[in-house]
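Hi there,

Here is the structure I promised to pass on to you. My notes on what turned up in it follow below.

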Amino acid sequence: MSQFDVTVIGSGPGGYVAAIRCAQLGLKTALVERYATLGGTCLNVGCIPSKAMLDSSEHYHNAAHTFKTHGIELDNLKINLPQLVARKNDVVKQNVDGIAYLMKKNKITVFTGHGSLVDKTTVVVNKADGSSEQFTSKNIILATGSKPSAIPGVEIDKKRIITSTEALNLPEVPKHMVVIGGGVIGMELGSVYARLGAKVSVVEFTDSLIPTMDATMGKELQKVLAKLGFEFYFGHKVTGVVTKGKQTIVTFEDLKTGEQKELKADYTLVSVGRRPYTDKLGLENVGIVLDERGRIPVNEKLETAVSGIYAIGDVVKGAMLAHKAEEEGVFVAELIAGQHPHINYLLIPNVVYTWPEVAGVGYTEKELKDKGIPFKAGSFPFKASGRARASMDTDGLVKVLAHQQTDEILGVHMIGPRVADMIAEAVVAMEFRASAEDIARMSHAHPTYTEAFKEACLAATANRALHM
Ligand SMILES: Cc1cc2nc3c(=O)[nH]c(=O)nc-3n(C[C@H](O)[C@H](O)[C@H](O)COP(=O)(O)OP(=O)(O)OC[C@H]3O[C@@H](n4cnc5c(N)ncnc54)[C@H](O)[C@@H]3O)c2cc1C
């Protein structure tokens, strides 16, 4: 029977990164994945394909709506959805093939099949052909990720009533799509189809979009998506979804008035979050008990109740984000190798890849108020940015929250062009505990969108923004 130092179950961004770091540290490493391709949700049906479709649909939208103003005129513009999906599939293939290459390069043994714990040092892999393979491992990292959540009583038929996975492969552009849930995934995939011409109606339980981010961001995002033709039903609870022929019928209730409402649409996307995935993982064989939300409980070292068995990524507590999973993968690998790693969870940025994009890091305004931390806020609108005017991307703003007395940056929240990339500067600033004035005194190339961050820092420092 083979013996490994570390076995990682699950090859998403948490698992494959953990495996690479273990191998780099000289540990004999195995990776188990139940699907034929590596990369998990992120590469196969998550981050990468959704961004590929967001990019394509944005090009189409710009060609249809903004090119003319730039002096570019096109006749007979049309969307070729099969080609759009084929390019997306090609992008996915390049990425998953890249992971397979990295496994070989790092001499990681890959097992294809469903991994399960036999005991605290033995893993069995059940393969598609009915055979199985068993081996031992001194350490095990559970990185089994998550699956889309469902709404009780709503049956997802995967044809008309769909999750994000099916939304990445629709055979046609919907005429009307209902999106249940105003979170990140719903807004991104809703944007894809709205840009391609679908009417998009969002039914959301709470009273704002992207409720985990700073409240200003949700309000601004709502404005820009409304311009794209989105309609919103906030404070509404979905009570049922059924399919009739080529139509879905969504019934929902106004939480304030109790009024019953109904929407008919050719597709309904259920995007109400994701749930940890631990099916047939054999946790009962080692005595690991899930928490009330189905997650694997871990301590501050990401170790489960069983010594030598760790868990990372979407299957444990914390933000369900690829880069959070990656950080945890590196953390556990280094811990197993005897190092003393550290993760600053406050500084894991959150991004929404709509257009304009939304990004945030650190505390929100509400969190600072709840904690009683005195702060000052400075913001700068993109409509005052020369770079944004040049590209006609003037929606949005950058908001900086700094400590009232020390001026240390405590939170940065942005909605605007390319802020998914811009947020990295805020992460660096906060990791090095910069003050708003530190950033305000650093030269930012002109004209760039990043000047908006500098200006917001100037505004937070002493209301000293230069260009407003
Ligand atoms: C549409 C969409 C868009 C997203 N966009 C972003 C984004 O832009 N940025 C971002 O940060 N995050 C994004 N996410 C979230 C991101 O995909 C997840 O946070 C991330 O993939 C979690 O990584 P993970 O390694 O924990 O798990 P996963 O990526 O879910 O990987 C888990 C892997 O484990 C395998 N597995 C499970 N059980 C077993 C078993 N018993 N044996 C063998 N293999 C098993 C699964 O098949 C899977 O491959 C998006 C998600 C979706 C759905």
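Helix α2 (40–45) gives the most to the shell around the ligand, with four residues. Please keep in mind that this is a predicted model. Along with α2, the elements α1 (13–24), β2 (29–33), α3 (47–65), β4 (114–119) and α9 (322–336) each supply at least two residues of that shell. Altogether 39 residues surround the ligand, and the closest are Glu33, Thr41, Lys51, Gly115 and Ala322. By type, the shell divides into 16 nonpolar, 18 polar and five charged residues.

His323 instead brings its side chain, where an N or O atom is 3.3 Å from an oxygen atom of the ligand. As for cover, the ligand taken alone exposes 1000 Å², and the protein buries 95% of that.

Now to the salt bridges, of which the structure holds 22. One of them involves Lys51, already mentioned as one of the residues closest to the ligand. Its partner is Glu188, with the closest N and O atoms 2.7 Å apart. Lys51 lies in helix α3 and Glu188 in helix α7 (residues 184–195), so this pair ties together parts that are 137 residues apart in sequence. Glu188 counts as buried because its relative accessibility is 5%.

Asp97 and Lys93 form another salt bridge, with their closest N and O atoms 2.5 Å apart. These two residues are four apart in helix α5, so about one helical turn separates them. Asp97 counts as partly exposed at 37% relative accessibility, and Lys93 counts as partly exposed too, at 46%.

The side chains of Glu437 and Arg441 also meet in a salt bridge, at 2.8 Å from N to O. Here Glu437 is partly exposed, with a relative accessible area of 27%, while Arg441 counts as exposed at 61%. Elsewhere, salt bridges that share partners join Asp214, Glu365, Lys369 and Lys399 into one network.

Lys399 turns up again in a contact along the fold: its C-alpha atom is separated by 6.1 Å from that of Ala456, although the two residues are 57 apart along the chain. Ala456 is found in helix α14. With a relative accessible area of 0%, Ala456 is buried.

Most residues other than glycine have a negative phi, and most peptide bonds are trans. Pro447 lies in the loop between α13 (436–440) and α14 (451–462).

As for phi, Lys158 has a positive value near 65 degrees. Lys158 lies in the loop between β7 (146–148) and β8 (161–162), and at 55% relative accessibility it counts as exposed. Ile210 also has a positive phi, near 30 degrees. Its place is in the loop between β10 (199–204) and α8 (215–227).

Best wishes

Notes:
Residues numbered from 1 in each chain as written. Predicted model: local features only at pLDDT ≥ 70, side-chain atom pairs only at ≥ 80, totals over all residues. Heavy atoms only, no water. Near = heavy atom within 4 Å. Polar contact = N/O pair within 3.5 Å; in protein donor to acceptor, adjacent residues only side chain to side chain. Areas by Shrake-Rupley, 256 points an atom, 1.4 Å probe, with all protein chains shown as cover. Nonpolar A, V, L, I, M, F, W, Y, C, P; charged D, E, K, R; others polar. Buried < 20%, exposed > 50% of the residue type's maximum accessible area, 1.4 Å probe, protein only. Salt bridge = Lys/Arg side-chain N within 4 Å of Asp/Glu carboxyl O.
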